[in-house]
Amino acid sequence: MGHCFARPLALLCALFAVGTASAEEVQVAVAANFTAPMQAMAKEFEQDTGHKLVIASGATGQLYTQIKNGAPFEVFLSADDNTPAKLEQEGDSVPGSRFTYAIGTLVLWSAQAGYVDAKGEVLKNGQFKHLSVANPKTAPYGLAATQVLEKLGLTQAVAPKLVEGQNITQALQFISSGNAELGFVALSQVYKDEKLSQGSAWIVPADMHEPIRQDALILNRGKGNPAAKALMDYLKGPKAAELIRSFGYQL
């Protein structure tokens, strides 16, 4: 048994055999800010290509360290462009695979409706006890937050109130749990289908910090894996573009 005898089924059987033979999985290291879009994309990607994503997320700097220490990642979606460029220069990636998949948007967010005004003046009145940010040494969104505070002349004033998360996910958790009244996170974490999911926010003007250009690349372990190449192609396609925009990113 297990053979296709009927002629009309022969083509279907051949296609099925090819499909199952070529279906692969790809280990993807994803910057914390892009976790939700990546999870949303995974199902469509699997349906459209037959390949499966295995996702691990964290701060960009932490993921870089894991990659250098031999973690089995095949594709890396960073929260900046410097880290992938560094991996490229150090010979840890497939040459020519790097590209910018999204441009991130920083937002000052509170879980409380009406707490953050549309111009971010809440930062200047200093009535809050805690301001959550991601670690600026490992998380590009955390670095962007410190640049905003510096531009506003508030670095010293808010220093005693800063609560630092290991990554942007933990920074969000501090705010969601009420441990911090407000904080700087990625717009994608609190934005879906072109609207704020809850709370109140100030979308930080892009000229107040260095651009958050988010690059992706295929790591050496992903060389020759058709699922790795398929993911990169998918990220450049129209379906991914629509989804990425729906989370508040620019392209």
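Student: How many aromatic pairs does the count come to in this model?
Tutor: Keep in mind that we're looking at a predicted model. Rings pair up here if their centres lie within 6.5 Å. By that rule, the number of aromatic pairs is 3.

Student: Is the pair of Phe 34 and Tyr 101 stacked or edge-to-face?
Tutor: The ring centres sit 4.9 Å apart, and the planes meet at 70°. Planes over 60 degrees apart count as edge-to-face, so this pair is edge-to-face.

Student: How many residues apart in sequence are the parts that Phe 34 and Tyr 101 tie together?
Tutor: Phe 34 is in the loop between strand 1 (25-31) and helix 2 (35-49). Tyr 101 belongs to strand 4 (residues 99-104), so the parts tied together are separated in sequence by 67 residues.

Student: Is Phe 34 buried or exposed?
Tutor: Buried means under 20% relative accessible area. Phe 34 has 0%, so call it buried.

Student: What about Phe 45 and Tyr 234, how many residues apart are they?
Tutor: They make an edge-to-face pair, 5.4 Å centre to centre with 80° between the planes. Phe 45 lies in helix 2 and Tyr 234 in helix 10 (residues 226-235), so this pair links distant parts of the chain. The separation is 189 residues.

Student: Which residue lies over the face of Phe 99?
Tutor: Two rings are worth a look here: Phe 128 has Lys 161 over its face, at 4.8 Å from the ring centre. For Phe 99, the distance from the ring centre is 4.7 Å, and the residue is Lys 236.

Key
Residues numbered from 1 in each chain as written. Predicted model: local features only at pLDDT ≥ 70, side-chain atom pairs only at ≥ 80, totals over all residues. Heavy atoms only, no water. Phe/Tyr/Trp six-rings, centres within 6.5 Å; stacked < 30°, edge-to-face > 60°. Helix = DSSP H or I, 4+ residues; strand = E, 2+ residues; numbered from the N terminus. Buried < 20%, exposed > 50% of the residue type's maximum accessible area, 1.4 Å probe, protein only. Lys NZ or Arg CZ within 6 Å of the ring centre and 35° of its normal.
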